Amino acid sequence: MKLKKQVTVCGAAIFCVAVFSLYLMLDRVQHDPTRHQSGGNFPRSQISVLQNRIEQLEQLLEENHEIISHIKDSVLELTAHAEGQPALPYHTPNGSWVLPPESRPSFLSVSPQDCQFALGGKGQSLDLQMLAVYSLLPFDNQDGGVWKQGFDITYEPSEWDTEPLQVFVVPHSHNDPGWIKTFDKYYYDQTQHILNSMVLKMQEDPRRRFIWSEISFFSKWWDNISAQKRAAVRRLVGNGQLEMVTGGWVMPDEANSHYFAMIDQLIEGHQWLEKNIGVTPRSGWAVDPFGYSSTMPYLLKRSNLTGMLIQRVHYAIKKHFAATQNLEFMWRQTWDPDSSTDIFCHMMPFYSYDVPHTCGPDPKICCQFDFKRLPGGRINCPWKVPPRAITDANVAERAQLLLDQYRKKSKLYRSRVLLVPLGDDFRYDKPQEWDAQFLNYQRIFDFLNSRPNLHVQAQFGTLSDYFDALYKKVGIVPGMKPPGFPVLSGDFFSYADREDHYWTGYYTSRPFYKSLDRVLEAHLRGAEILYSLALAHARRAGTDSRYPLSDYALLSNARRNLGLFQHHDAITGTAKEAVVVDYGVRLFHSLMNLKRIIINAAHYLVLGNKDAYHYDPAAPFLSTDDTRLNQDSLPERTVIKLDASPRLVVVFNPLEQERLSVVPILVNSPHVRVLSEEGQPLPAQLSAYWGSATDMVPDIYQIASGSPPAGCLPTEGLGQGPRCPQVSILARLPALGLRVLQLHKVLDGHATLKSSVRLYLHGRDLPVRKHEALPVHVFPATTDDFCLENQHLQACFSGLSGLLQSIRRAGEEREQRVSSEFLIYGTRASKDKSGAYLFLPDGEAKPYTPKDAPVVRVTEGPFFSEVATYYQHVQTVVRLYNVAGVEGLSLDVSCLVDIRDHVNKELALRFSTDIESDDTFFTDLNGFQIQPRRYLRKLPLQANFYPMPAMAYIQDMQNRLTLHTAQALGVSSLGSGQLEVILDRRLLQDDNRGLGQGLKDNKRTCNRFRLLLERRTTANKQVQDSRPISFPSLLSHITSMHLNAEVLVMPVAQEKLPPPALRSFLPLSTTLPCDFHILNLRMLQAEDDSQPSAEAALILHRKGFDCSLEAKNLGFNCTTSQGKLVLGSLFQGLELSSLQPTSLTLMYPLGTAPNSTTIRLDPMEIATFRIRLG
């Protein structure tokens, strides 16, 4: 404290000196006697003297500014080490709480160079910009003849005389890791047989080829086969007969998946391939995801893949690209200033990836060349003409018929090399099918290749065989841009496969599991980082023999379960009910295991004396923050029992930035006092814990909560809940660190600040259960509007509905209309109805009209105030944190949704504002980048919905309103100033896409959001909306991280024994630039699968951000560094003994290991480093 006072006094002194010297200079300028005499007409010379003086003055001001900022830096440095406790709030006469100014100032220092990126330098010359393509197309769905969604294709037989057609037929089997059957059932019934036959049948003829993509299945099979068979597989891969395409754990959904999980499943697959088969994938294969994100080509490119293939694209876009020969293109990121993100992409032209839709434009003919459908089999051709086995007698006619299709298909592409996939879901599971396909096709190839006058060369090939032949034909090496091929940027959402059947329902289907996915992801990242740090520290101290290395197997299993759930029938919510339960159980078990890993690592890291560390699996040192009864229940938070001896709590901040947070703790007594580990009292707010709208649970108190918002308390309707008060502690948490707090039971309750509650019953006759410790005022029939406010903003609510109406920012005269309402979409009355995939509404949404008026409960306290509104099907809580910094700059919104009694209805939440957004809105892709969207009137309502994994915003010249989300949901802006999100959907029928079920297994689901209203600074008024590129602000990025990486609160389990000495753990020795994100610190596996190696993968992401939005009061020191970061001294107490930049999935070293440990990243880039911490 002494040090702090000295610093402050010294800083103030220097400041006074600087100001005084400025004052003296000004004084001299004003009192110069020669000036007074010359009256109003200065001679020229004197004007120039004056100008010089002014310039000197400006220079002095500039120097003064620098001196002050240096003082600020050093004061901050010193105050950082002399940790100040947050000041206590006080109550003003008008009844509101005021927080005194922070004892530690915070600052934002962004270098101007770092702001240039979002302004988009020289701009790109793109041939195809998807936003422009959308505005161009008529979407008129005309009948195209045999190719129903296309056009007639004609050609001259002489076209190939000079350059023959080269055809690659690529056999494949699409294996869903769960859809109609569970992962394991598919494996036992089909996949193992496919792979066993593959080894056998491929060895019969060296001309045969096969491709495989799902490593989740492949690794399970590998674990069950002999060494002999493994050697055969390695041979097949080595000689090019078998190719591993993409090589991810699954073929992920690209709409709802978050980029952390997309990368993680790619690393999991690639690491498995490298370790077991010694192969690195070269080409991407994604035939089944329902629309495509531009994040995927970026990840593949950074993993050193050179080509990729996609299939499920809107039929109108396919037709347009086919007509202009643009089905193959270089796919480039919208934000890429040059061409470093370009990857070659092949788009399949027709309706499906099955055999009838891959040989050419006429499915009736192509079906005759799917030899699994030979008469007598289980499946036939819907076009009523069956295939015929190829014989010497019919080969000429059959080959000619097929060649005609090949030639027509080839007319849609620019090169004379043609790709013809040959496969479908779970194909080649019987030796007979291998024989039927391979023998019949080989006879056709032999015939075609022996007739030079046909000018065709046909063969089996892998995907890379095709790409290699194409590159060779156009004379380039893989990775380069082929001359004359277009460059495209943008994405391929939303998808329609026919008519107005838009696949936009799956953006929300089964939101409970979309939410659980993100909870697991946040825990996995936290567990990876803490485990890596604990292990590195234990190895350094030589105590690693006592550390539970067995946790690594649990970690590995969690990676695989999260990876499995990224599959395009899992996170999408489009699997059968029993399969959904199977996924849920896997996620649930992994979540429990990750909590254990976090507890074990935290236990080791906070121990004052590491030699005292003892791991006891039967009695964990810390308890978990919450528990779930089973895979489909909401979490219940742990209640801490207070007694005479103090209870210790360890708080984990998974963010790489320090945060000032309100930490939630449930206790069994209102008489509680909170101290820091040094014994300093910490400010805390005591609130009730509500079992229902009007039922205050006895013996459970909440000490102020940051998470989960009270709207998501595990309570059942208006019934009973668990029993307890809540204490909310305002604490400064170190970056990626662990902070120790003490809870003491005291005799009086004056140590904590109490919150007050107002209950508005709106005429409903409900019993109210109160508690003497906390004041509650009941208003039976009042309907006046009311407001909550903190030092940054004021939010006002309708007294009648209890819903948000407006937001006013501090220092602004007028409020902004931000009104929220719930809406209901129905589905069509006629034949096609909404289902798990499709959204087919019966027109515009209608207002949600519950049978009873809501109960509205307003809580006001020093650290947070909130409005809880209880409707029949949705309980919503809007919370305003009264905290300096990020937490206090946005509204925390949560909706507990239960529509289990709805029939063919979807519940939406719409925000309406005066922002003049016209028809433009912005949604994120995979939490990685922002894609501008346009509401198109020429398209049906459902076509204007897009995925929102992390955020969506609308803006005009003055404001931007961002809805941040903690789970992927469907979003749209159907009118100027509007933003709406679909919260849940309950549909009774199948939508004819193969699932055979509706969506009837709805759960009580908690959807969590942050609503952020930002002001544009005058400096950057030109919102370049015409450019297809946009970025969140730094505040927006950090708000998103706060929402997605919640603080974990872990009480020390032993209640009776005196706990050992614990010390807070601060892993970082320097502050990370605030545009850097540590995506992962992932321990790599040793030769033995279940053991960690000495190396870890450090994955960093530098975010692109927009500086034109006001950034004040962030509450932490935010600086940027033009992408430079010194890794050598980043981790306190650990040396970086090696550092090797690698490709994204660690398959390729990038250059030699550098001598320096300073790295540089461009904005938006993700980089992986193989490191050794010691």
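Analyst: A network of salt bridges links D370, K372, R373, R427, D429, K430 and E433; a salt bridge here is a side-chain nitrogen of Lys or Arg within 4 Å of a carboxyl oxygen of Asp or Glu. The model is predicted, so local features need pLDDT of at least 70 and side-chain atom pairs count only at pLDDT 80 or more, while totals for chains, interfaces and linings use all residues. Residues are numbered from 1 along each chain as its sequence is written, and side-chain values use heavy atoms, with hydrogens and water left out.

R427 is buried, at 4% relative accessible area, and E433 is buried at 5% (buried is under 20%, exposed over 50%, partly exposed in between, with a 1.4 Å probe and protein chains only).

The structure holds 62 salt bridges. In another of them, R282 and D468 meet at 2.6 Å, N to O. R282 lies in the loop between α9 (259-276) and β8 (283-286) and D468 in helix α15 (residues 463-474), so this pair ties together parts 186 residues apart in sequence. Helices (H or I, at least four residues) and strands (E, at least two) are DSSP runs, numbered from the N terminus. R282 is partly exposed at 32%, as is D468 at 28%.

K514, in helix α16 (residues 511-541), is buried yet has no salt bridge, D253 being the nearest side chain of opposite charge at 6.6 Å. Lys and Arg count as positive, Asp and Glu as negative, and His and the chain ends are not counted. The side chain of K514 reaches the backbone oxygen of Y506 at 2.9 Å and that of I571 at 3.0 Å. Its contacts (heavy atoms within 4.5 Å) include N256, Y507 and Q967, not counting residues up to four places away in sequence.

Aromatic pairs number 63 in the whole structure; rings of Phe, Tyr and Trp (its six-membered ring) pair if their centres lie within 6.5 Å, with planes under 30 degrees apart stacked, over 60 edge-to-face and the rest tilted. Y441 and F445 form a tilted pair, 5.9 Å centre to centre with 50° between the planes, and both are buried. The ring centres of Y506 and Y507 lie 4.9 Å apart with planes at 55°, so this pair is tilted. Y506 is buried, at 0% relative accessibility, and Y507 is buried, at 0%.

Methods. Polar contact = N/O pair within 3.5 Å; in protein donor to acceptor, adjacent residues only side chain to side chain.
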